[in-house]
Amino acid sequence: MPERPQALFAMTAQNVPYIFPPEVLARLRECVEIDPTLVAHDFTDPRVRETLARTEVLVTGWGCPVLEPTVLDAAPRLRAVLHAAGSVKGFTTPEVWRRGILVSSAAAANALPVAEYALAMILLAGKDVFAFRDLLRSRRAFPYGDIVPGIGNFHRRVGIVGASRIGRRLIELLRPHDLSVSLADPYVDQAEAARLGVPLLPLDELLRTSDIVTVHAPETPETRHLVGARELALMPDGAVLINTARGSLVDHDALVGELRTGRLSAVLDVTDPEPLPADSPLFDLPNAFLTPHLAGSQGNEVARLGITVVEEARRLLRGDGLRYTIDHSVLERAA
């Protein structure tokens, strides 16, 4: 068996036991030499610096310090960064790729719970569950046996904005349901949309023809306020907007204006800013359903990220290609 490369954790220390519970950590240590008690949150720490000089693999996560050129200079043997989370934008620099260092991300694993959250919210929104929960709470009774018009998920029109990993996973999860699903993404052509099994629409048309719109585009300068006043106005009366991507993709001032009219509803797991100020009207609007950034990996789900890193570390040890490498050339338009 090849000699295990030296590795180093670089993330918020308190997250390590969640991402790498004992059984997952044991599997990781079969692939790399790593000390779980040494977690880099500051690359200038003398003990970290000493290990960094011998490190071939960085196991990163939320809270990883930025990999600036001076840090890379201190890690001359570094050949791979295995990220136990989604986006690598916050801590990588172009110099990482210029030096030929492989970068892998567990974004595909993190996409699953977000897609599951979106699926759940789509189905609940189709039944108008949130409004009827409040109605039942206030009345403490309901007319048993009455047919409630205007709700239901039979042929409900769902528009997905962004064929990201999450967007694609959501398309798969929606297939067993009797929903009419469409996609808007400027980087997807008709042939690819056909392979995904959904019609490709311009964003404006998708907004006009969807009962539920769920946002899964990356956060880039081009996508800031992708859904603004003009776009919200295109959505039909009674439509629901779901955002699990980034808060900046939706113009919150415009959204509050629409919600105040009662014309639309929103399910927001992300906001801009995040967290919202305590006096935000979104907390009190009855047609705004807020959750505190729960869609991504949480609780027992974060171990899935660690397992993904273990699988990548095993490939690295065998000399195989990594499965989830990040191509710097497409990073600008990725999450």
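Select Glu258 and, leaving aside neighbours within four places in sequence, you find it in contact (heavy atoms within 4.5 Å) with Leu232, Ala233, Arg263 and Leu264. This is a predicted model, where local features need pLDDT of at least 70, side-chain atom pairs count only at pLDDT 80 or more, and totals for chains, interfaces and linings use all residues. Residues are numbered from 1 along each chain as its sequence is written, and side-chain values use heavy atoms, with hydrogens and water left out.

Stay on Glu258. It is found in helix α12, residues 252-261; helices are DSSP runs of H or I with at least four residues, strands are E runs of at least two, and both are numbered from the N terminus. Glu258 counts as buried because its relative accessibility is 14%. Buried means under 20% relative accessible area, exposed over 50%, partly exposed in between (1.4 Å probe, protein chains only). Now show side chains: Glu258 and Arg263 are joined by a polar contact of 3.1 Å. That term means a pair of N or O atoms within 3.5 Å; within protein, one must be able to donate a hydrogen and the other to accept it, and residues adjacent in sequence count only if both atoms are side-chain atoms.

Next, go to Ala108, in helix α6. Its relative accessibility is 30%, so Ala108 counts as partly exposed. Beyond residues up to four places away in sequence, Ala108 touches Arg165 and Tyr324. Tyr324 is 216 residues apart from Ala108 along the chain, yet their C-alpha atoms are separated by 7.9 Å.

Move to the loop between α6 and α7 and pick Asp128. Its phi is near 55°, a positive value in a residue other than glycine. Asp128 is partly exposed, at 32% relative accessibility.

A second case is His225, in the loop between β8 (212-215) and α11 (229-234). His225 is not a glycine, but has a positive phi of about 55°. Its relative accessible area is 31%, so His225 is partly exposed.

Now select the loop between β10 and β11, where Pro273 sits. Asp272 and Pro273 are joined by a cis peptide bond, omega about 5°. Pro275 lies in the loop between β10 and β11 too. Its bond to Glu274 is cis, with omega about 0°.

Last stop: the cysteines. Cys31 is buried at 2% relative accessible area. Cys64 is buried at 10% relative accessibility. How many disulfides are there? The count is 0, where a disulfide is a pair of cysteine sulfur atoms within 2.5 Å.
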